[in-house]
Amino acid sequence: MIFQPAIIALVLADFLGLVFLAMASVFAVRLLRHWQPASGSAMQLGLERRTYLMSTLVTFVLLTQLGALLLFVLNAERMAPLFVGAMCAVGTLNANPFGFPSLNLRMALFFLAAIWLVMNHLDNRASDYPLVRVKYGLLLMVVAPVAAVTAGLQLAYFLNLEADVITSCCGTLFSSDRDAVAGDLTGLAPGPTLVAFYGVLGLTVAAGALSRRARWLRGLFLVLAPAAFVTAILAVVSFISLYVYEHPHHHCPFCMLQAEYGFVGYGLYVPLFLATALALGHGVTRLFARTPSMTAIVDEAGRRLDGTATALFAVFLAAVTWLIATSNLILLGG
Amino acid sequence: MPPWIERQRHLMDYTLAAMARRWGRNLGLVAVYTLLVFVLASVMMFTDAIQREAGQLLEQAPEVVVQRMVAGRHDLISADYMDAIAAIRGARQVRGRLWGYHFDPVTAANYTFMVPAANAPPAGRVHIGAGLARARGAAVGDVLSFRGHDGALFSFDIEGLLRAESEIITADAILLSEEDFRAFFGIRPGLFTDISLQVRNPREVTKVAEKIVERFPDTRPILRSEMQRTYASLFDWRQGLVLTVFAGALLAFAILAWDKAAGLSAEERREIGILKAVGWETTDIIAMKTWEGALVSLTAFLLGVLLAYGHVFGTSAVMFEPVLKGWATLYPRFVLTPHVDLFQLAVLAFLTVVPYTAATVVPNWKTAVTDPDAVMR
C-alpha cells in the first residue's frame, strides 16, 4: 500500500459514496415495493418526501465520482516515478492487474452517473414522476453494484501497489530483481484508424446537426454517439497521441493532461466525455419515456441535449484537426 | 439570461442575505473549516515543495554510485575497480569520490568533509558551507582547527564560503584538497570512499549496474532512479502519516458540520416555514441550503489555501517544520520555491469539501421537508 493524500482522498470519497448508495439502495427496495402515485397514504407521502433526499444523495455521489475519475488519472500520473519502468500513468496502471480495470469501471461509472442525472432531471420535470421506478431500479441493479465493484477494485489496486524503493536487505543491485512494468501502450495502425475516426466522428456531427429534421437522424445520432466515443479513444491511443507528443511511438493517452503539453488533453477529453454523457443520457431516457407527458419533455429537452452534444463533438473534432495540422510530426505520406 | 441561471442567482441572493443576518453563527463554522483547510494545505504544500527541491538536487546526482561492501558494511573501494568499470561499454566519467563525516565537539555537530570533483581548494585551505560558518562564527580568512584520525591538530584557512542558494545540501560541508583529506582521515592513496559514474544511454543504466555486480560481487551499485523513488515514497508516506493523524480532526469537523446543519434555531425554522407557506418547494429549500454550503466551503477553502500558502512559502512552515523535514544541529536555512497545482487543490477539496458536504446532506433535507404548519403553529 502506498500511503499518500490522493489515495486517502480517493478511498474516502469511495467509502462515503458507498455509504450513501447503500442508503439509497435500501430506499430503492422500499420504493419499488410500495410506490403508488395515486395513493395518498402516509407511506406514499413518506416515500415522496424521501425521494428528495435520495436524489440529492445520489447527485452528490455521482458528482464526486466525476471528480474521482480525474483525480484517479492525475494520481496515476504522479505515482509513475515510484515504479521501475513506469514513465507515466500507463506504467502505474500496469503495476498490478487491478489498474486498468479500475480505470475502465470508473469511466463506466461516470457515464452511468451522467445517464442517471439526466434521467432524474427530466423525471423531476414531469408532474407524475413517470420514471421513478426505472430510476431507482437502475440505481439498485446497476449503479450501486458497479460503484461497489469499482471501489473494491480500486482498493485492491492501491493495496497491491508496492513502491520499488531501496531496501537495506538487498545487498546487491536492487532494481534487477524487480520486473519492470510495461510502460507503453500499443495502438491500432494510424492510417486506417484516421480514416475510421474522421468517418465516424464526421457522421456523428452531421447526424447531430440534422437531428431536428427527422426522427431517424436523431436515432442515428444517439446510436452513433457511443460509437464515436470508442472510436475517439482508440484514435487517441493510435495516432492523436503521436501528433501531440511529436513522437512516433508514444501512445500514452494520459501524458497530454500534463503541463508539458499545454494541458491539451483537457481540451480533448472534456468535450468528448461531456458530449458522450449528454447523448447517452438522452438516449437511455428516451428508451423508457413511454407516457405522453414524458415524451413531450424528452422531445423538448432532447433537442437541447443533442444540440449541446453535437457542438461538443464538433469542438473535439476541431481540436484534433488543429493538433494534427499544427504538429511537427509527419506520420502519413510526407 | 436563461431562466435557470436567473433562478439560481435569486436563490444565491437570498442565501447571502440570510447568512448575513446570522453571520455570527456562520463565522464559527467558517473559522473551523478554514483552520482545517489551512492545516491540510500546509502539510501538502510543504512536503510537495520539499520533495520538489529534493528531486531537483537528485537530478544532478551521478547516475550510478558503486560502494564496496565488506561483511554487509560499506567499505573503502580500491582504484583498481575504477579501471574495470570504465571498461564496461556505456559507462563514462568513472570517478573515485572521497567524502566522510567528522564530529566536531565545539558545535556538537557532524560535518561532511568532501573532495570536490573540480576546483578543489589548494592544500591547507577549505571552502565551508553557510550553516557551518554560522555555527562556528567563522568568516573568510579565519582558521578552522580539527583533530584528525590520529589526534593531531589540523588547521585550515577558510578560503571561501559556499553559495547560500546551495545551502540545502552544503550547510554542513567542508570542501578540501585530496592530500588534506587523506592525511586528515588516514586513508591510503589508491583507496576511495565510493565510485560514481554516468551512463551514456539512460536505458542501459540497469544493464551497466548488472555488469558491475557480476564483475565485482562485493559491490553495491545504487542507481539515481532508486534514490528518487525512495525519496518520493518517503515524502508521500510522511504526508499520509500526518493526514492520518488529522483524520480525527476531520471526523470532529464533520460532526460539527452535521450538528450545525441539524440544530436550527427556532427563528430559522420559522423562516423555512414561511418560505414554504409562500410557495417555495422542497427542491428550492434544498437548492438554497446547497448554495449556503457552497458559499461556506468556497470561502473557507480559499481562505485556508491562501493562509497555507503564506505559511509555507512565507514563513517556511514554522508550525510543521519539525515533523515534516526532520532535524539536524546544522539545519540548512532555505526558502522553498512557491508552487501550487491543480492536483494538490483537487486532493485538498476531496479531503475537506466532500466530507463537509456529505455531513450536511441529510440535515439539510430534514430542514427542507419541514411542514409549514408544524413550525408556524
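The following legends describe several views of a predicted model.

Local features were taken at pLDDT of at least 70 and side-chain atom pairs at pLDDT 80 or more, whereas totals for chains, interfaces and linings use all residues. Residues are numbered from 1 along each chain as its sequence is written, and side-chain values use heavy atoms, without hydrogens or water.

**View 1. The helices of chain A.** Chain A has 9 helices and 0 strands; helices (H or I, at least four residues) and strands (E, at least two) are DSSP runs numbered from the N terminus. Its C-alpha trace spans about 75 × 55 × 25 Å along the principal axes. Of the 334 residues in chain A, 53% are buried (under 20% relative accessible area, with a 1.4 Å probe and protein chains only).

**View 2. The ring pair A:F111 and A:F229.** Rings of Phe, Tyr and Trp (its six-membered ring) pair if their centres lie within 6.5 Å, and planes over 60 degrees apart count as edge-to-face. The centres of A:F111 and A:F229 are 4.9 Å apart and the planes stand at 80°, so this pair is edge-to-face. Because A:F111 belongs to helix α4 (residues 99-125) and A:F229 to helix α7 (residues 215-245), the pair ties together parts 118 residues apart in sequence. Both A:F111 and A:F229 are buried.

**View 3. The ring pair B:F113 and B:F185.** With centres 5.6 Å apart and planes at 90°, the rings of B:F113 and B:F185 are edge-to-face. B:F113 lies in strand β6 (residues 109-114) and B:F185 in helix α6 (residues 178-185), 72 residues apart. B:F113 has 0% relative accessibility and therefore counts as buried.

**View 4. An aromatic cluster in chain B.** One aromatic cluster includes B:Y111, B:F113, B:F146, B:F181 and B:F185.

How values were computed:
Chains lettered and ligands numbered in written order. Buried < 20%, exposed > 50% of the residue type's maximum accessible area, 1.4 Å probe, protein only. Phe/Tyr/Trp six-rings, centres within 6.5 Å; stacked < 30°, edge-to-face > 60°.
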